[in-house]
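This report concerns a protein model and the contacts that can be computed from its atoms. Please examine the sequence and structure below before reading on.

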Protein chains: 2
Amino acid sequence: MPVNKAFVLASRPSGMPSADNFRLIETPVPEPGEGQVVVRHHFLSVDPYMRSRMNAGGSYAEPQAIDAVMLGGTVGEIVASRHKRFKVGEIVVNYGGWQLYALSDGSDLNKVERRSFPLSVYLGAVGMPGVTAWYGINRILKPKAGETVAVSAATGAVGSVVGQLARRAGARTVGIAGGSEKCAYATRELGYDACIDHRATNFAEQLAAAVPKGIDGLFENVGGEPFKQCMSHLNDFARVAICGLIASYNGAPTTLPDMRIVLVKRATIQGFIVSDDMSIWPAALGELGGLADKGELKYRETITEGLERTPDAFIGLLNGRNFGKQIVKLA
Amino acid sequence: MPVNKAFVLASRPSGMPSADNFRLIETPVPEPGEGQVVVRHHFLSVDPYMRSRMNAGGSYAEPQAIDAVMLGGTVGEIVASRHKRFKVGEIVVNYGGWQLYALSDGSDLNKVERRSFPLSVYLGAVGMPGVTAWYGINRILKPKAGETVAVSAATGAVGSVVGQLARRAGARTVGIAGGSEKCAYATRELGYDACIDHRATNFAEQLAAAVPKGIDGLFENVGGEPFKQCMSHLNDFARVAICGLIASYNGAPTTLPDMRIVLVKRATIQGFIVSDDMSIWPAALGELGGLADKGELKYRETITEGLERTPDAFIGLLNGRNFGKQIVKLA
């Protein structure tokens with residue numbers, strides 16, 4: 001009898017999670033009841049938002065329950081079906097969690113096509129991270145040709161799409177990333193006009209040099225000191241999309257040292273969660289899927305092999321060890 | 001020959017201005033050339049924004065020049081005209097500055113009617129402060145019936161209109177003001193559901209009790225600790241209009257201690273200056289003038305008599321000594 005393996009949350013971390021916050025369990029693969037399907041996951045996504053969910057409260061969503069399977073986005077194949085809308089062999093994107101198999105009544109499944117890109121991309125550039133980028137660009141930053149857009153975590157799953165969409169809109173794009181390898185990738189592959197290593201001792205000077213006409217749009221994934229530096233370069237009527245503050249998840253909060261910049265620049269700062277407006281998903285996925293299928297949307301993945309290594313992949317993500325979208329390959 | 005008296009900026013203050021930052025000068029009242037008029041000012045407005053203009057730079061507008069007449073909004077009467085659009089005796093609103101008379105080519109003059117309210121109201125509830133309130137309510141906060149709107153400087157020239165417009169939209173309105181007299185005025189006259197004295201030692205507890213369903217709209221005129229307390233009560237999708245940060249103009253900046261609130265609540269924080277969008281002025285002034293004419297818009301003024309006392313009135317304003325719109329009566 002096939003075995004399902006899953007990670008549950010064993011305990012809540014304070015600060016950086018460690019392997020013992022998770023516990024691997026084994027259960028029989030479920031049999032679908034009437035109106036149910038079983039999905040065999042091919043790929044699992046690990047994302048920064050999971051860290052906030054591990055806290056007991058205070059985030060925008062329900063906390064991850066102790067002893068429940070860790071939540072997470074997955075893409076997989078129907079391997080058993082007693083549901084009239086789903087056939088064995090079809091590919092679906094779901095929130096199946098950190099496990100090999102998921103039982104579903106179909107309500108959380110989105111069918112996708114096999115296209116020219118690997119299925120894992122449905123968890124990245126043509127999935128939730130891509131739609132997040134699309135929302136920030138199209139609904140908040142709205143960059144115009146000639147404007148300057150700055151993007152933190154510029155080579156990450158979200159940031160890499162932000163940079164490419166901003167560039168397609170005609171903006172000058174300035175990335176911020178950790179390390180020279182990522183910065184080189186940002187400019188050579190993703191088309192950023194400049195990319196600055198946030199670990200550089202002269203980060204502030206480099207940023208100032210990279211945004212000679214100031215910043216009109218800031219897509220913030222990280223927070224911390226680079227965010228504050230970016231805020232000091234805002235132009236009149238600048239837009240700031242707060243998508244993530246990964247630098248703050250495990251430590252000191254990101255502050256805004258002087259609210260006057262918002263007033264003086266008549267800036268708008270908007271926090272958003274892409275799941276708040278599901279109405280945009282079809283348009284966003286349509287555009288991103290089309291670009292990726294034609295090879296016009298670049299992406300990079302760090303693929304970790306095997307469910308057992310999911311905690312390592314997640315902790316690595318929080319430490320910036322991944323390069324591009326962090327994926328766990330399950331099948 | 002009649003004499004014009006005017007205050008010029010003698011020196012830039014650091015921190016709170018004092019009387020010696022201003023110098024009174026006397027000049028002959030100008031004669032209008034062809035296409036010019038002379039306005040005799042009846043009332044002068046002193047406003048917090050003047051403090052930022054006194055700095056050498058870093059604000060959204062050109063700094064007030066040293067030895068130039070202090071800028072300021074005025075309402076007055078045409079006393080001499082060689083301009084075909086303006087007749088002697090007509091009433092105009094202008095930016096005539098801290099002086100008794102102004103020479104103009106007409107381009108900066110807006111004719112207004114004599115209505116049931118005093119002309120000074122064109123500098124307050126039916127002037128720039130009123131339009132500021134209207135913009136914040138209609139373009140940023142957009143309060144819905146049943147929502148909660150918090151307003152700092154709740155009895156001031158802007159705040160008093162914000163509170164009344166929010167209440168007309170069906171929102172619960174919570175004011176923040178300095179002292180029990182202002183708070184009593186806020187609830188008894190302006191219709192606030194509650195008003196909290198920001199000087200109270202248990203301000204945080206009082207605020208929490210006054211916003212049992214959280215804050216959906218925050219109209220910020222002041223900044224400082226009360227602002228931070230309000231931010232901690234934001235609801236999902238809250239809107240924050242940053243109109244002024246008067247608490248910071250002379251001292252420590254207002255910080256946002258943790259940007260996570262913006263992300264977690266998907267909040268929008270928007271700074272604005274009412275002069276950025278002149279297109280809204282006719283609609284705003286039309287609505288506010290109609291309400292005031294019918295007695296449906298309450299306002300309160302602190303009127304200081306005589307140009308010579310303008311610096312005192314201005315410094316008093318920065319110290320919160322005024323009650324309602326601070327006006328200087330010049331004629």
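## The interface between the chains

The structure is a predicted model. On being put together, chain B and chain A bury about 2,700 Å² between them, and 63% of that area lies on carbon and sulfur atoms. Of the area that chain B buries against chain A, 26% is supplied by B:Met259, B:Arg260 and B:Leu263, more than by any other three residues. The contact draws 31 residues from chain B and 31 residues from chain A.

Polar terms are present as well. Across the interface of chain B and chain A there are 8 residue pairs in polar contact, with both residues at pLDDT 80 or more. On the side of chain B that touches chain A, the elements giving two or more residues are strand E12 (234-242), helix H7 (260-264) and strand E13 (268-271) of chain B. The residues of that side divide into 18 nonpolar, 9 polar and 4 charged.

The count of salt bridges between chain B and chain A is 2. In a salt bridge between A:Arg266 and B:Asp276, the N to O distance is 2.6 Å.

## Salt bridges

Over all chains, the count comes to 26 salt bridges.

| Lys or Arg | Asp or Glu | N to O distance |
|---|---|---|
| A:Arg266 | B:Asp276 | 2.6 Å |
| A:Lys111 | A:Glu90 | 3.4 Å |
| A:Arg266 | A:Asp236 | 3.5 Å |
| A:Lys228 | A:Glu225 | 3.9 Å |

A:Lys111 and A:Glu90 form a salt bridge with their closest N and O atoms 3.4 Å apart. This pair links distant parts of the chain, 21 residues apart: A:Lys111 belongs to strand E7 (residues 110-111) of chain A, and A:Glu90 to the loop between strand E4 (74-81) and strand E5 (91-94) of chain A. A:Lys111 is partly exposed, at a relative accessible area of 42%.

An α-helix has 3.6 residues a turn, so residues three or four places apart point the same way. A:Lys228 is partly exposed, with a relative accessible area of 26%, and A:Glu225 is likewise partly exposed, at 46% relative accessibility.

A:Arg266 also forms a salt bridge with A:Asp236, at 3.5 Å between the closest N and O atoms. Here too the pair links distant parts of the chain, 30 residues apart, with A:Arg266 in the loop between helix H8 (260-264) and strand E13 (268-271) of chain A and A:Asp236 in strand E12 (residues 234-242) of chain A. Is A:Arg266 buried or exposed? At 9% relative accessibility, A:Arg266 falls under the 20% cut-off and therefore counts as buried. A:Asp236, with a relative accessible area of 36%, is partly exposed.

In helix H4 (residues 180-188) of chain B, the residues B:Lys182, B:Cys183, B:Tyr185 and B:Ala186 are buried. Seen down the axis of H4(B), these buried residues fall within an arc of 160 degrees, so they line one face of the helix. They pack against strand E9 (172-177) and strand E10 (194-197) of chain B. The face of H4(B) turned away from the buried side carries the exposed residues B:Ser180, B:Glu181 and B:Arg188.

In helix H5 (residues 203-210) of chain A, A:Phe203, A:Leu207 and A:Ala210 are buried. They cover an arc of only 65 degrees around the axis and therefore lie on the same side of H5(A). Their packing partners are strand E9 (172-177), strand E10 (194-197) and H6 of chain A. The exposed residues A:Glu205 and A:Ala209 sit on the face of H5(A) turned away from its buried side.

B:Gly178 is found in the loop between E9 and H4 of chain B. This residue counts as buried, at 15% relative accessibility. Leaving aside residues up to four places away in sequence, B:Gly178 touches B:Asp197, B:His198 and B:Arg199. The C-alpha atoms of B:Gly178 and B:Ser152 are separated by 9.4 Å, while the two residues are 26 residues apart along the chain.

How values were computed
Residues are numbered from 1 along each chain as its sequence is written. Chains are lettered from A and ligands numbered from 1 in the order in which they are written. This is a predicted model: local features need pLDDT of at least 70, side-chain atom pairs count only at pLDDT 80 or more; totals for chains, interfaces and linings use all residues. Side-chain values use heavy atoms; hydrogens and water are left out. Buried means under 20% relative accessible area, exposed over 50%, partly exposed in between (1.4 Å probe, protein chains only). Helices (H or I, at least four residues) and strands (E, at least two) are DSSP runs, numbered from the N terminus. The arc is that of the directions from the helix axis to the C-beta atoms. Contact means heavy atoms within 4.5 Å. Buried area is the accessible area (1.4 Å probe) that two parts lose on being put together, summed over both. A salt bridge is a side-chain nitrogen of Lys or Arg within 4 Å of a carboxyl oxygen of Asp or Glu. A polar contact is a pair of N or O atoms within 3.5 Å; within protein, one must be able to donate a hydrogen and the other to accept it, and residues adjacent in sequence count only if both atoms are side-chain atoms. Ala, Val, Leu, Ile, Met, Phe, Trp, Tyr, Cys and Pro count as nonpolar, Asp, Glu, Lys and Arg as charged, and the others, Gly among them, as polar.
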